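Morning, everyone. Let me put the structure on the screen, and then we'll walk through it.

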Amino acid sequence: MTIQPVTTTQNLTADRSWLDSLHGTDSVDTITLDMSTLASGTHYKPSTDTSIPYSRVLSGIPVGKITASGLYGLYKTDATDGRQNLAGFVFAEVLFGPAQTKVPAALLWHGSVRTAKLPVPVTPVAPSATCQIRFV
């Protein structure tokens, strides 16, 4: 039996048009996303390539910290598990496999955001001690 390694390359260009400035992009935090809170096609793009089955979380998705688990999930004003408090935005697109339930990501927690350019609608909130976002 002969094993033939195969290498593929895929170039992705993240849409970060939602950033109003580079302020804060040099000091993002590492977080873990709870994928059960995100919807396919809305918050992440499912893979259409059978040879590379990686889906990708969109840059600019708003997240809040789930109190019980310490994971981050989709920010929702009507949530009661901690996600009702905006923690920030997923800074860079993140690739993840089909069975992954927890995905590492970078969190932009301070800086300027253009609300009209975010991938999902977000009502601006006042800055807090843990999330210092200026909405424009």
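First, ground rules. This is a predicted model, with local features needing pLDDT of at least 70, side-chain atom pairs counting only at pLDDT 80 or more, and totals for chains, interfaces and linings using all residues. Residues are numbered from 1 along each chain as its sequence is written, and side-chain values use heavy atoms, with hydrogens and water left out.

Strands here are DSSP E runs of at least two residues, numbered from the N terminus. Two strands pair if DSSP finds at least two bridges between them.

Start at β4, residues 62-65. Antiparallel to β4 runs β6, residues 86-90, joined to it by 3 bridges. P62 has F89 as its bridge partner in β6. Strand β5, residues 72-74, is also antiparallel to β4, again with 3 bridges. There, K65 is bridged to Y72. The β4-β5 hairpin has 6 residues between the strands, and G70 among its residues takes a positive phi near 80°.

Next, K102. It lies in β8, residues 102-108.

Now the cores. A nonpolar core is a set of buried Ala, Val, Leu, Ile, Met, Phe, Trp, Tyr and Cys residues joined through side-chain atoms within 4.5 Å; buried means under 20% relative accessible area. The largest has 19 residues, and L33, M35 and L38 are among those touching the most other members. β8 gives the most to this core, 3 residues. A second, separate core of 14 residues includes W18, L118, V122 and F135.

Methods. Helix = DSSP H or I, 4+ residues; strand = E, 2+ residues; numbered from the N terminus. Buried < 20%, exposed > 50% of the residue type's maximum accessible area, 1.4 Å probe, protein only.
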